[in-house]
Amino acid sequence: MEYRFEVVSLLVSPRHAYFGRPKDGPADEVETTAPDRVDIVADKGIRGDRFFGIRAHTEASITFLALEAWQAAAGDVDPVVARRNVVVAGLELDPLRGREFEIDSGDGGIVFRGGRPAHPCSWMDSMAGEGVRKALIGRGGLRAQPLSSGVLRVGQAVIRCDVELDASRAADQVRRAQPL
């Protein structure tokens, strides 16, 4: 099956900004970029990102977030606060857990394997507003492993997968928020 959607934004950060206790505040001067394109390397992630090539994260080196889910939880707060690598619009993410899918944003397809949910952390209440963490439970995004290399760009894209997707459910909270 093939579906059209939009890659709204991309985020690359060489270091973590949220660690420790939220009351201590985020790390100072963490360079974060929102490029128009990123280089994805098979089994490593996004070149230049904090999860790139980290063995513990190879199966979850790229994080996706549906803009609709973020807006339902955080309103007008900029989704960059969530620090997910790929923010999409018009794409239901949950059915992709445990499945291979291909995304083509104009430079050829990149194959991913959907992994575990990207659960929100307690930092979301500090950074996006009280209650946002709870509102994101079950819709905080999807972690994925790139199985092939390529370029992902901001803009219109196509996803090919073997599961039915419904863009109208992109903001829905899933009942089974645990990995498959």
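Modeller: We shall take the strands and then the salt bridges. This is a predicted model, in which local features need pLDDT of at least 70, side-chain atom pairs count only at pLDDT 80 or more, and totals for chains, interfaces and linings use all residues. Residues are numbered from 1 along each chain as its sequence is written, and side-chain values use heavy atoms, with hydrogens and water left out.

Biologist: In which order do the strands of the barrel run?

Modeller: Strands are DSSP runs of E, at least two residues, numbered from the N terminus, and two of them pair if DSSP finds at least two bridges between them. Here seven strands form a closed barrel in the order β1-β5-β4-β8-β7-β6-β10, with mixed pairing. Within it, β7 (residues 109–117) and β8 (residues 142–146) pair in the antiparallel sense over four bridges, and Pro 117 stands opposite Leu 142 in β8.

Biologist: How many salt bridges does the structure hold?

Modeller: A salt bridge is a side-chain nitrogen of Lys or Arg within 4 Å of a carboxyl oxygen of Asp or Glu, and the structure holds 10. In one of them Arg 160 meets Glu 2 at 3.0 Å, N to O, which links strand β10 with strand β1 across 158 residues. Glu 2, Glu 102 and Arg 160 are linked in a network of salt bridges.
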